[in-house]
Each structure stands twice: as C-alpha cells, then as structure tokens.
Amino acid sequence: MGFQKFFFLFLFFLLVDLSYSSPLYIKHDVLEARVHTGRALLQQQGNCPIDFERENYTIITSQCKGPHYNSSICCNAFKQLACKHTQEINDVQNGCATTMFNYINLYGKYPPGLFANMCKEDKEGLNCKDVIQPEGKNDEQKSNSSKGTKCSTILMVIATFLIILMLNI
C-alpha cells in the first residue's frame with residue numbers, strides 16, 4: 001500500500017513537470033548578437049531541429065521597420081516568431097538561436113544586436129506568456145499555438161485523476 005502511494009505521487013510530479021516543460025521565457029544570453037555572413041554558414045549551424053530557412057519572417061519584417069525601430073512593435077513581432085520555439089532557442093548547444101538570428105538579419109537587414117538591445121523585459125528573459133498575435137492569424141497558426149495548451153490540460157487532468165485515485169486507496 002505504501003509503495004502504491006509512492007508510485008502515484010511519483011507519477012503526479014512527473015506529469016506536473018511534463019506539463020510545464022516548455023519554457024515561458026527566451027533567455028537573455030540567446031538574444032546576444034551572433035552575426036555570420038553567407039548562406040552556407042546559415043545552413044551549417046549545430047543540430048537545430050527547426051528548419052529556420054522555411055520560417056515566415058514577414059511576421060517581423062512587416063512590422064519592425066527602421067530607421068526608427070519601435071521597441072514594443074519590434075519586440076512583439078520578434079516574440080511572435082521566436083516564442084513558438086522557446087525550448088529549442090534556449091538550448092545554446094544546438095545552434096537554433098544563432099541560425100534564427102542570422103535569418104532574421106538576412107531577411108530584415110536589421111543592425112546587429114537590435115533585438116538584444118531593445119527587447120529587455122524580465123530578469124528571466126523575454127516573457128512569452130502575453131504575445132499579441134496579429135489580427136489575420138490563420139487556422140494553422142491557431143492550431144499550432146494551442147497544441148501545447150491542450151497537452152498541458154490533458155496532463156493536468158491525468159494528474160488530478162491520479163491524486164484522487166491515490167487518496168481513495
């Protein structure tokens with residue numbers, strides 16, 4: 001009986017941890033400017049699982065325009081692109097942050113370090129909880145942004161069920 005309670009408690013904490021596994025911040029150190037030139041260098045970065053070459057950079061380039069960059073507009077546009085990949089971008093070993101910034105600079109022709117210098121929100125980094133999405137958001141983007149929420153909700157329901165089951169044993 002004691003083992004069952006321990007086992008259910010272990011499962012509960014495992015599920016709670018999994019439901020919060022996607023970070024809600026983009027770390028400051030990944031925002032630092034990493035500038036390389038040339039397309040060949042862009043494609044040779046680490047083991048990044050995201051194909052940043054095919055990402056839609058008009059999210060940023062249509063909103064963040066110079067020569068006087070508006071920090072709230074540019075940072076929100078940057079978060080619209082980056083926050084859907086927080087876990088991969090925060091992993092400095094895989095090269096995703098470097099690759100993403102190189103493509104942003106390639107397509108947007110932004111000054112090096114623009115987003116690192118303008119987008120400072122929190123001691124944790126950029127907060128991805130309250131990203132303002134553009135009005136014309138298509139169904140695919142809505143579906144992709146709600147996948148993590150659905151998964152977390154399911155995991156929390158399972159965890160609650162396990163607690164109730166554990167208390168009744």
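This is a predicted model: local features need pLDDT of at least 70, side-chain atom pairs count only at pLDDT 80 or more; totals for chains, interfaces and linings use all residues.
Because Cys-75 lies in helix α4 and Cys-119 in the loop between α7 and β2 (126-127), the pair ties together parts of the chain that are 44 residues apart in sequence.

The count for the structure comes to 4 disulfides, and when the bonded cysteines are numbered in sequence order the pairing reads 1-6, 2-3, 4-7, 5-8. One of these links joins Cys-64 to Cys-74, with an S to S distance of 2.0 Å, and its torsion of about 90 degrees means that the disulfide is right-handed. Cys-64 sits in the loop between α3 and α4 while Cys-74 belongs to helix α4, so this pair connects parts 10 residues apart in sequence; Cys-64 is buried at 2% relative accessibility, and Cys-74 is buried at 1%. Another link is formed by Cys-48 and Cys-96, whose sulfur atoms are 1.9 Å apart, and it is right-handed, with 105 degrees about the S-S bond. It links distant parts of the chain, since Cys-48 is in the loop between α2 and α3 and Cys-96 is in helix α6, 48 residues away. Cys-48 is buried with a relative accessible area of 18%, and Cys-96 is buried with a value of 0%.

## Helix α6 and the residue that follows

Helix α6 has 13 residues and reaches 18 Å from its first C-alpha to its last, close to the 18 Å expected at 1.5 Å a residue. Its buried residues include Cys-96, Phe-101 and Tyr-103. Just after this helix, Lys-109 takes a positive phi of about 50 degrees, although it is not a glycine. Most residues other than glycine have a negative phi. Lys-109 is placed in the loop between α6 (96-108) and α7 (114-118), and it is exposed, with a relative accessible area of 66%.

## Aromatic pairs

A search of the whole structure finds 7 aromatic pairs. Among them, Tyr-103 and Tyr-107 are stacked, with 6.0 Å from centre to centre and 15 degrees between the planes. Both lie in helix α6, 4 residues apart, which is about one turn of the helix. Residues three or four places apart in an α-helix point the same way, because such a helix has 3.6 residues a turn. Tyr-103 counts as buried at 2% relative accessibility, whereas Tyr-107 counts as partly exposed at 38%.

The rings of Tyr-110 and Phe-115 have their centres 5.3 Å apart and their planes at 75 degrees, so this pair is edge-to-face. Tyr-110 is buried, with a relative accessible area of 6%, and Phe-115 is buried at 2%. These residues belong to one aromatic cluster made up of Tyr-69, Phe-78, Phe-101, Tyr-110 and Phe-115.

The whole structure holds 2 salt bridges. In one of them Lys-84 pairs with Glu-55, the closest N and O atoms being 3.0 Å apart, and this pair links distant parts of the chain, with Lys-84 in the loop between α4 and α5 (86-90) and Glu-55 in the loop between α2 (39-43) and α3, 29 residues apart. Lys-84 is partly exposed, with a relative accessible area of 45%, whereas Glu-55 is buried, with a value of 16%. Asp-51 forms a salt bridge with Arg-54, where the closest N and O atoms are 3.1 Å apart; Asp-51 counts as partly exposed at 38% relative accessibility, and Arg-54 as exposed at 70%.

His-85 is likewise placed in the loop between α4 and α5, and it is buried, with a relative accessible area of 13%. Leaving aside neighbours within four places in sequence, His-85 is in contact with Ile-50, Phe-52 and Glu-55.

Gly-66 and Pro-67 are joined by a cis peptide bond, with omega of about 10 degrees, and Pro-67 lies in the loop between α3 (58-61) and α4 (71-82). In helix α4 itself is Gln-80, which counts as buried at 6% relative accessibility. The C-alpha atoms of Gln-80 and Ile-60 are separated by 8.1 Å, although these residues are 20 apart along the chain.

How values were computed:
Residues are numbered from 1 along each chain as its sequence is written. Side-chain values use heavy atoms; hydrogens and water are left out. Helices (H or I, at least four residues) and strands (E, at least two) are DSSP runs, numbered from the N terminus. Buried means under 20% relative accessible area, exposed over 50%, partly exposed in between (1.4 Å probe, protein chains only). A salt bridge is a side-chain nitrogen of Lys or Arg within 4 Å of a carboxyl oxygen of Asp or Glu. The expected span of a helix is 1.5 Å times one less than its number of residues. Rings of Phe, Tyr and Trp (its six-membered ring) pair if their centres lie within 6.5 Å; planes under 30 degrees apart count as stacked, over 60 as edge-to-face and the rest as tilted. Contact means heavy atoms within 4.5 Å. A disulfide is a pair of cysteine sulfur atoms within 2.5 Å.
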